[in-house]
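Thanks for asking me to look this one over. Here are my notes, in numbered points, to read alongside the model.

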Amino acid sequence: MTLCIHIPDDVESALRTQLGDALERRAVEDLAAAWFGEGRISSRQAAALLGLSLFEVHDFLKRKGVALPMSIDEVQKDIASLRMTREA
């Protein structure tokens, strides 16, 4: 799915001045962090949205200051991912 967001010209100009070519990427990163922080998406979904591994997204979320509450199911999936990575 492609999501288009209308940003007023003056806001885009201010953001481009600050972020340059990274504006689109930062928008996706901020959206993923906000949605995860609100409990709307899982860490796996955030990782998929950002094109990161599960472990990379956990580091990203920590750097963004987003708490990483994990359910038992998520911990079990992470352990399974680690085992699969180790065996590969």
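1. Ser43, Arg44, Ala46, Ala47 and Leu50 of α3 are in contact with Leu54, Val57, His58 and Phe60 of α4, where contact means heavy atoms within 4.5 Å. Helices here (H or I, at least four residues) are DSSP runs, numbered from the N terminus. A word on the source: this is a predicted model, in which local features need pLDDT of at least 70 and side-chain atom pairs count only at pLDDT 80 or more, while totals for chains, interfaces and linings use all residues. Residues are numbered from 1 along each chain as its sequence is written, and side-chain values use heavy atoms, with hydrogens and water left out.

2. How do α3 and α4 pack? Helix α3 (residues 43-50) and helix α4 (residues 54-63) have axes 9 Å apart, at an angle of about 95°. The axes are lines fitted to C-alpha atoms, for helices over the stretch in contact, and angles run from 0 to 180 degrees between N-to-C directions. The two helices are therefore roughly perpendicular to each other, a label that covers 65 to 115 degrees.

3. Histidine 58 belongs to helix α4 and counts as buried, at 10% relative accessibility. For this label, buried means under 20% relative accessible area, exposed over 50%, and partly exposed in between (1.4 Å probe, protein chains only). Setting aside neighbours within four places in sequence, histidine 58 is in contact with Ser43, Leu68, Met70 and Asp78.

4. Asp78 also has a charged partner: the side chains of arginine 44 and aspartate 78 meet in a salt bridge at 3.4 Å, N to O. Arginine 44 lies in helix α3 and aspartate 78 in helix α5, so the pair ties together parts that are 34 residues apart in sequence. A salt bridge here is a side-chain nitrogen of Lys or Arg within 4 Å of a carboxyl oxygen of Asp or Glu, and a search of the whole structure finds 8 of them.

5. Next, helix α2 (residues 23-37), where glutamate 29 lies. Glutamate 29 is buried, with a relative accessible area of 16%. Apart from neighbours within four places in sequence, glutamate 29 is in contact with Leu50, Phe60 and Lys64.

6. Lysine 64 forms a salt bridge with aspartate 30 through their side chains, at 2.5 Å, N to O. This pair links distant parts of the chain, with lysine 64 in the loop between α4 and α5 (72-87) and aspartate 30 in helix α2, 34 residues apart. Both partners are partly exposed, lysine 64 at 32% and aspartate 30 at 37%.

7. Within helix α1, glutamate 12 and arginine 16 are 4 residues apart, about one helical turn. Their side chains meet in a salt bridge at 3.3 Å, N to O. Glutamate 12 is partly exposed, with a relative accessible area of 29%, and arginine 16 is partly exposed at 29% as well.

8. Finally, the surface near the start of the chain. Methionine 1 lies in the segment before α1 (9-19) and is exposed, at 94% relative accessibility. Met1, Leu3, Ile5, Ile7 and Val11 form a nonpolar surface patch, with about 550 Å² of accessible area together. Such patches take residues with over 30% relative accessible area and no salt bridge, joining nonpolar side chains (Val, Leu, Ile, Met, Phe, Trp, Tyr) within 5 Å and like charges within 9 Å. The accessible areas come from the Shrake-Rupley method with a 1.4 Å probe, and for residues only the protein chains shown count as cover.

Methods
Angles under 35 degrees count as roughly parallel, over 145 as roughly antiparallel, 65 to 115 as roughly perpendicular and the rest as oblique.
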